[in-house]
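Hi,

Here is the structure I said I would pass on. Please open it alongside this email.

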Amino acid sequence: MSRNIAIDLRMIHSSGIGTVLSNVVPLILEQRPNWNFRLLGDPKVIEDYQWSKSGRIEIIEYRAPIYSIAEQLYWPNRKLKGTDIVWSPNYNIPWRWSGKIMVNVHDIAHFALPEIYGGVAKTFYAKTMFKYVQKRADGIVFVSRFSEEEFEKKIGTAKGYTSVVHNGVKEYSAI
């Protein structure tokens, strides 16, 4: 069965989430040959990846800064018509998306340790987003049982399906 999946790739160059995206997205493309993908982000950045050249991929420009009100205001709702599910690789999910959404929660540090991330606005945004993830996400993938338990304790029980999928390690050779 054909599916239309949208993936927010704005963080593909960040260290942790970017590593997950650059390793997992090509695997999904390979394992789901009947699915179509809408990749959200900077087209020039996305086009650097060979796997983005597939005929099953549509690149949608979406450059709003991460963790900003702009990412909510400029969410490309109309361009995603017909999308079955949006995958947000971090807790900053779109408020204006009415379809299904899956989100990765790597940790809840922005919520649990506001003094490290500083600022009233950032703390408010993180707390608001985590509560929204709890109530809105159709699926949450946690990277550890600890993250899932902390989410449950500090934010509450998720409305949707939850699962723990540990981050993998890509084979590496120094030679």
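Below are my notes on the salt bridges and on one surface patch.

Keep in mind that this is a predicted model.

Salt bridges first. The structure holds ten of them. Side chains of opposite charge can pair when their charged atoms come close.

R10 and D8: their side chains form a salt bridge, at 2.8 Å from N to O. R10 counts as buried because its relative accessibility is 16%, under the 20% cut-off. D8 is buried too, at 7% relative accessibility.

K154 and E150: this salt bridge has an N to O distance of 3.3 Å. Both residues sit in helix α7 (residues 145-154). They are four residues apart, about one turn of the helix. K154 is partly exposed, at 39% relative accessibility. E150 counts as buried, with 11%.

There is also a network: salt bridges with shared partners join D8, R10 and E71.

D138 and R136: the closest N and O atoms of this salt bridge are 3.4 Å apart. D138 has a relative accessible area of 27%, so it is partly exposed. R136 is at 15% and counts as buried.

Now the surface. I69, L73, Y74 and W95 make a nonpolar patch of about 450 Å². Where does W95 lie? It is in the loop between β4 (85-88) and β5 (100-105). W95 counts as partly exposed, at 34% relative accessibility.

Best wishes

Methods: Residues numbered from 1 in each chain as written. Predicted model: local features only at pLDDT ≥ 70, side-chain atom pairs only at ≥ 80, totals over all residues. Heavy atoms only, no water. Patch = residues over 30% accessible without salt bridge, like charges linked within 9 Å, V, L, I, M, F, W, Y side chains within 5 Å. Areas by Shrake-Rupley, 256 points an atom, 1.4 Å probe, with all protein chains shown as cover. Salt bridge = Lys/Arg side-chain N within 4 Å of Asp/Glu carboxyl O. Helix = DSSP H or I, 4+ residues; strand = E, 2+ residues; numbered from the N terminus. Buried < 20%, exposed > 50% of the residue type's maximum accessible area, 1.4 Å probe, protein only.
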